[in-house]
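Hello,

Here is the structure I said I would pass on. My notes follow below it.

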Amino acid sequence: MATFLYRLGRLAFARRRLVTLLWVAVLAVCGVLAAKAPAAPDDGFAMPGTEAQKAFDLMNERFPGGHADGASARLVFVAPSGQKITAAPNEQAVERTVAELAHGEEVTGAVSPFKAGAVSKDGTTAYATVSYSVKAGELSKGATDALEQAAQHGRDAGLKVEVGGNALMAKPEAGGSSEMVGMALSAVVLVITFGSLVAAGLPLLTAVIGVGLGMALITALGSTLGLSSTTGTLAMMLGLAVGIDYAVFIVSRYRAELAEGRTPQEAAGRAVGTAGSAVVFAGLTVVIALAGLSVVGIPILAKMGMAAAGTVVIAVLVALTLVPALLGFIGRRVLPRKARNGVVRPKKENGGSRWARFVLRRPLAVLLGAVIGLGVLAAPALDLRLGLPGDESKPTSTTQRRAYDLLSEGFGPGFNGPLTVMVDAKGTPDPKAAAGEVAKTVSGLPGVVSVTPPMFNKAGDTALLNAVPATGPSAAETKDLVQTIRGHAAGLKTATGATILVSGTTAMNIDVSQKLTDALVPYLAVVVGLAVVLLLVVFRSVLVPLKAALGFLLSVAAALGAVVAVFQWGWLANLIGVEQTGPVMSMMPIFMVGVVFGLAMDYEVFLVTRIREGFVHGEQPREAIVTGFRHNARVVTAAAFIMIAVFAGFIGMGEPMIKMMGLGLAAAVAFDAFVVRMTIVPAVLALLGRHAWWLPRWLDRLIPDIDVEGSKLQTAAPEPAPVRESVGV
């Protein structure tokens, strides 16, 4: 492996113009294909295998034109203080507003609250539901503008009007200003790390090229593979992250090789042969983690994972070919100005080696302190409650949140999360009697406030009724109620012959949470198991991969604990603009496992391969730890700071889910890089000594020797280099 990559690095350096032109040509071709590609279909949010999804599909079949998954809006009207919404002037204003929307663009129905009986008991609040023919997020600008204008006309008439539902739902932001801030902070960190604008700019440039190519391919293949812009969100975030990381490690090793007195071409070859080997296997761990999202059973997550995995592969190829090619143009300008004109030998001591020696003096105490600290931080995760936050978690500055609060005040908290009960009475002798029996049973259950009369389809064999819970959509009691209704389904089928399905947004969220919870353990087993096998091949050790996996689990648990403490318990929530506590987003644990595992293994591979390199080349175990930290601790620290800056930029976003992802990922990277990799890893390796690299003989014979450490390069005849050309850092 190292020999092949060494030759590849030298070739890319020597043929730098050709390599660069090839990458530019590929980027241009993919850009043209992306520009000409037809629009990709909507990802949707199908949940195969869940009862809620089965009911949605059956609704679309039995109620054609009903658009069960179409966008909807709830206009909430509140009369001025001391007045009733049923007063003649107020009623007329409501009727005019609803009539204005009824014949609007993409609207399939808008019913007056006075005809639908949608008026609160105290007569102060009413609501009108507007249905659309397209999904949320696909509404035309004309339709959303008409909705906002109608609401404003109601306000002009003296009413308080807010708009709930998903019609005005904006697609989650995962780019724009947040990524620009992350790039700017990354540039600052790289300049401080390398002391050279050229060296700092190269990783940023190559990362942008890799991400641009990945996104262009996703767009070009969107209509063919069913990928959309949403699919590429994770690819953009991770592509930028690993693209910077991989280039940083190649450039850092190149500078170190120059410091050993090698010519630029030889330095580039050895940088790709050694650090490049680590890049390949670090990239493979990320790809495994992302491709493993396919086992969750949610199509959109599988697509996001595969698209991001493809972008990571591109980042690896860019690091192995384009980075050494660009180093060929830059030469020694990658070094600080004062280091270009003479030989500057590598320092025997720096911050990394001093930290390693500190840990080596008291490894057991450091290990226990780090593990206990992470355990304390992880403690809140024991109270983890999963769900899909809705309008109740949005800032009070949004009309959706204000509409949610007004409906809760006027009609009760459960009104914002009604349950749709479908009665499939096809083939039964008396569908109306069956639906009536279901309505009677559901209305008699504890926790049900009201049940609407059954609404039948044209064939008269399927009915829908809405059950309003006494508690809010994200409450544990509402989840229990859904399970209770489903528990009565078997008895009702026996009594009436009808099949009962519970659906609606609230039930769908509950099913999503349950499916993701059930998939977490299999996902962990697949991802961690495959990665341990891969790391076994890389490090030729049994204990090091196990230590890497256990350390990762500690950091993820601590990060989840931080998320629970802030978003569920409300600790320090005001500091980051969290206005409403609630359950943690259902996808958060699996999302964090997939993303953070890949990045954590990056740091593990980069740091420990350099330690093993020293050990393989004859150093004592403890001295090899110091050598690895002297060479790579600074770069790993810089890479971690870059990732923390990128993810922390999302904390300032208005969307609660994006805010949660930003905090969780930033915390996980911080814990993993600085507590696990920089503290626990050297402590464990020091305690294990030579046993850290133990491998049974039978296993040693089975696994291939891929020479990640580049030991064969050490025995190769080095290229002669004049002393005056040997500059370093």
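The crossing of α2 and α12 is left-handed. Please keep in mind that this is a predicted model.

Helix α2 covers residues 16-36 and helix α12 covers residues 299-330. Their axes lie 8 Å apart, and the two helices pack at an angle of about 140°. An angle over 145 degrees would count as roughly antiparallel, so α2 is oblique to α12. On the α2 side the contact involves Arg16, Arg17, Val19, Thr20 and Trp23. These residues meet a set in α12 that includes Ile314, Leu317, Val318 and Phe329. By class, the residues of this contact divide into nine nonpolar, three polar and two charged.

The second pair is α10 (residues 232-259) with α21 (residues 588-616). Here the angle is about 5° and the axes are 11 Å apart, which makes α10 roughly parallel to α21. Among the α10 residues in the contact are Leu234, Asp245, Phe249 and Arg253; α21 contributes, among others, Phe591, Asp602, Arg610 and Glu613. The contact of α10 with α21 has eleven nonpolar and five charged residues, and no polar ones.

The last item is a single residue. Phenylalanine 650 sits in the loop between α22 (621-648) and α23 (656-688). Is phenylalanine 650 buried or exposed? Its relative accessibility is 3%, so phenylalanine 650 counts as buried, the cut-off being under 20%. The C-alpha atom of phenylalanine 650 is separated by 9.6 Å from that of valine 181, although the two residues are 469 residues apart along the chain.

Regards

Technical notes
Residues are numbered from 1 along each chain as its sequence is written. This is a predicted model: local features need pLDDT of at least 70, side-chain atom pairs count only at pLDDT 80 or more; totals for chains, interfaces and linings use all residues. Side-chain values use heavy atoms; hydrogens and water are left out. Axes are lines fitted to C-alpha atoms, for helices over the stretch in contact, and angles run from 0 to 180 degrees between N-to-C directions. Helices (H or I, at least four residues) and strands (E, at least two) are DSSP runs, numbered from the N terminus. Angles under 35 degrees count as roughly parallel, over 145 as roughly antiparallel, 65 to 115 as roughly perpendicular and the rest as oblique. A crossing is left-handed if the near helix is turned anticlockwise from the far one by less than a right angle, and right-handed if clockwise. Contact means heavy atoms within 4.5 Å. Ala, Val, Leu, Ile, Met, Phe, Trp, Tyr, Cys and Pro count as nonpolar, Asp, Glu, Lys and Arg as charged, and the others, Gly among them, as polar. Buried means under 20% relative accessible area, exposed over 50%, partly exposed in between (1.4 Å probe, protein chains only).
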